[in-house]
Amino acid sequence: MLIREATADDWPHIWPFWHRIVAAAETYTWDPATTEDAARALWMSPAKSVYVAQDDDGAVIGSAYLTPNYGGPAARIANAGFMVDPDQAGRGIGRALAEHILTEAKAHGYRAMVFNAVVETNPAVQLWTSLGFTVLGTVPDAYDHPRHGRVGLHIMHKTL
């Protein structure tokens, strides 16, 4: 698997799984009806460093971004987002992207990473904790999950 910086030409390959994941409304707090143009602006913003994971055939199978979580004097705290094509789940792509982003964050001078709203039923919570993230707190009943009803949103943190 190759992880590299994304280009504008990667968006048409990211959009199908991005849309599928967000429309499912199980793991992201973005509007499930987000249009492709709005999704591109969210994910591919010039303020973000965006990466893609490619399989051995060159197909884009995941993507992640790195960006400051805050501005000004707190701009050395990172935020990131991750999406893996659901058809490729269980192959270690999410872990590889996470490890890559954590390395990039440290190289870019970030001191820590914060996830602001991790749906507590998201299977990725296990990945984040295995990589050293801790749950700082949980906003109870903050997310209307389509299968689990109202669930909490974790705020997660890792010192880099």
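Ala25 is buried, as its relative accessible area is 15%, and the cut-off for buried is under 20%. Please keep in mind that this is a predicted model. You will find Ala25 in the loop between helix 1 (11-24) and helix 2 (36-43). Its backbone deserves a look too: although Ala25 is not a glycine, its phi is positive, at about 60 degrees. As background, most residues other than glycine have a negative phi.

## Two further positive phi values

Asp141 is another non-glycine residue with a positive phi, here about 50 degrees. Asp141 belongs to strand 6, which covers residues 134-145. Is Asp141 buried, exposed or partly exposed? With a relative accessibility of 49%, Asp141 counts as partly exposed, because the exposed class begins over 50%.

Gly109, which follows helix 3, also has a positive phi, near 90 degrees.

## The largest nonpolar core

In general, nonpolar side chains of soluble globular proteins tend to be buried together. The largest nonpolar core here holds 27 residues, and Phe82, Ile101, Met113, Phe115, Trp128 and Phe133 have the most contacts inside it. At least two residues of this core come from each of strand 2 (49-54), strand 3 (60-68), strand 4 (77-84), helix 3 (93-107), strand 5 (112-119) and helix 4 (124-130). Helix 3 contributes the most, with seven residues.

Leaving aside residues up to four places away in sequence, Phe115 touches Asn79, Ala80, Phe82, Trp128, Phe133, His154, Ile155 and Met156. There is also a second, separate core of 17 residues, with Trp15, Val22, Val60 and Met83 among them.

## A closer look at helix 3

Which residues of helix 3 are buried? They are Ile93, Ala96, Leu97, Ala98, Ile101, Leu102 and Ala105.

## The chain as a whole

Across residues 1-160, the chain is 28% helix and 36% strand, and its end C-alpha atoms are separated by 24 Å. An unreviewed UniProt entry annotates residues 1-160 as "domain: N-acetyltransferase"; such annotations may be inferred rather than shown by experiment.

How values were computed
Residues are numbered from 1 along each chain as its sequence is written. This is a predicted model: local features need pLDDT of at least 70, side-chain atom pairs count only at pLDDT 80 or more; totals for chains, interfaces and linings use all residues. Side-chain values use heavy atoms; hydrogens and water are left out. A nonpolar core is a set of buried Ala, Val, Leu, Ile, Met, Phe, Trp, Tyr and Cys residues joined through side-chain atoms within 4.5 Å. Buried means under 20% relative accessible area, exposed over 50%, partly exposed in between (1.4 Å probe, protein chains only). Helices (H or I, at least four residues) and strands (E, at least two) are DSSP runs, numbered from the N terminus. Contact means heavy atoms within 4.5 Å.
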